[in-house]
Amino acid sequence: MSTPAIVGTLDDETTTTPRSRRRRRDDAHGAEAGTHHRGPVWTVLGYAGMVLVVLLVAVPLFWILITSFKERGDIYVRPAQWWPEPATGENYHELTTRIPFFDYVRNSVIITSATSVAKIVLGVLSAYALSLLRFPGRGVVFLVVIAALMVPNQITVISNYALVAQLGWRNTFQGIIIPLAGVAFGTFLMRNQFLNLPGEIIEAARLDGAGPMKLLWRVVLPMSWPTLVAFALITVVNEWNEYLWPFLMSDDETTAPLPVGLTFLQNNDGVTNWGPVMAGTVLAMLPILVLFLFLQRQMIKGLTAGAVKS
Amino acid sequence: MQSPETVPPDEPRHGAGAPAPVGPPPRRSSGRAWEWTLAALLLLPNLVLLIVFTYRPLLDNIRLSFTDWNISSPIANPVGLANYIEWFGRDDTRVVVRNTVVFTVATVGISMALGLGLALLLDQRLRGRNLVRSVVFAPFVISGAAIGIAFQFVFDPQFGLVRDLLTRVGVTSPDFYQQSGWALFMVTVTYIWKNLGYTFVIYLAALQGRRADLDEAAEIDGASAWARFRRVLMPQLRPTTFFLSITVLLSSVQVFDIINVMTRGGPAGNGTATLVYQVYQETFVNQRAGYGATVATIMFVILLAVTVVQVRFMDKGQRS
């Protein structure tokens, strides 16, 4: 294929190649009868489809949002109120005072940042060794690393739970973070990136006498910035949303991250008092959605990079 | 959770003794010794973590599946195949396997079909498509637990969104909390809602990288839209479809957060329990870690077998 595969963006700016290609096609055939080309009916159906999709995603989110601003009595009425009348911040107040909400946020920040930093550093170092250093058994080591992707978490939790409990690490941050810190996917992603760097530049830097760590820091990483950002972003999102392991490890607000804290809240209030529960889910969704809003392009690059290649 | 002081079974745990990927002594090309040492240093922390927390428990889990360990006792007695025999003979096994198959087939099939459909739609030149693309993808980044809790209220049979909408069009809402079939439906819909963005984005990237000239040629030859889709587009998307069928299947089978917050595997004990949820319930709720490990091992073997079949299938398809 002569044109580079355009991978990983929701944005039109970078998709000029396929667009111009398609335009060529339109020019070539637009004048013909164009029976199966996009007629007005298809255009209308297309827009109808888009509206439908937006509604399917947005209406539940809107529902959750308005509920979080309703007074308790207004949540339990039929037919439902589609606008909080009167609107109240009471649920948020209750969430942040009656429940150790900010403790959960703090724990989430600690767990997410520590795990992410560990994964990013380990992923980059492993990928560097597996791509630009030569040593015997490199292929085998690489297989050992990526085969870990095939092992589901659920098969490891029982034994890991026992090990961590034996170390006395239950309900501690290290007990949550360390077992999550090994990195397979990121190693795979960064190794691909490093292997695709132009060999001449690497060789030139080596001939200039750059040591291996300097090579990594000054040459390899600066050229790999977009992939590294993508890797970092999907790692942060994944760790922020991590559920099963912290759920098994944490007993209370000393270590429980936000998703687990929400489960505690739901256990206590749940069906009987939806207001604060919905306020909690709104606040849990918000930071990651804001991050997504600004950095979606990089995030998607990380997801699609491994997928579309072969 | 329960059992604060958990003492694991007898056997001491090693595993940290990871074989360092250091090669033979630097004899032949002595200049490379530093390179091997450096590689070992860079790789060792990650390898140790993967070996201790992924490969060791994988093997240990298999060993535990032949014991009657209860997760809090120091003793785990070997029981041979008893757990396996029990699993294959128990009534709830059929329910759990059926739930897992229904949930997995529905989520994989529907999210791949809808993802492809949406990717085709939003690959068209339509105004505002960038915004719609973002909207479709957004739920994928939200925590499954938060979405599960939120959607529990969306499906609340008394005061939820779904009930309200159904009532407005004159339909009686099913009881999503109490009726097993509808509870499974609720969990499936919620999972698809959250994860549709993933298949969509991957298919969209594949569409953007496809060869438009093949499609043009087919069009000039007078092929119908359906024929072009079947014979030109789908073969090009085959690697993507293959990749998605494996990754989506693996993540569907492993879903825990949504089921845990929405139904706890219920109603009626195991109305929405999947194999993964059974592992959790038996091990940590019923305190039967040996039996839980058995279910986990069976699940792993099934996943492995399915993946091998998929890879075979893919190979065959590529050759023909």
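Predicted model: local features only at pLDDT ≥ 70, side-chain atom pairs only at ≥ 80, totals over all residues.
1. Leaving out residues up to four places away in sequence, Y128(A) touches F194(A), L216(A) and V220(A), along with L42(B).

2. Where does Y128(A) belong? Together with F200(B), Y128(A) has the most contacts inside the largest nonpolar core, a set of 162 residues. Helix α7 of chain B, residues 180–208, is the element that gives the most to this core, namely 16 residues. From chain A, domain 1 (39–94) and domain 2 (99–308) each supply at least three residues to this core.

3. How many residues of chain A are in contact with chain B? There are 96, and they meet 87 residues of chain B. On the side of chain A that touches chain B, helix α15 (residues 274–308) of chain A provides the largest share, with 15 residues.

4. Sorted by class, that side of chain A holds 62 nonpolar residues, 24 polar ones and 10 charged ones.

5. Helices or strands in chain B? The count is 12 helices and zero strands.

6. Chain B has 320 residues, of which 43% are buried. Taking the contacts in chain B between residues at least 6 apart in sequence, 68% of them link residues at least 24 apart.

Methods. Residues numbered from 1 in each chain as written. Chains lettered and ligands numbered in written order. Contact = placed C-beta atoms within 7 Å. Helix = DSSP H or I, 4+ residues; strand = E, 2+ residues; numbered from the N terminus. Nonpolar A, V, L, I, M, F, W, Y, C, P; charged D, E, K, R; others polar. Core = buried A, V, L, I, M, F, W, Y, C linked by C-beta atoms within 7 Å. Buried ≥ 20, exposed ≤ 12 C-beta atoms within 10 Å, placed from the backbone. Domains from an automatic or database assignment.
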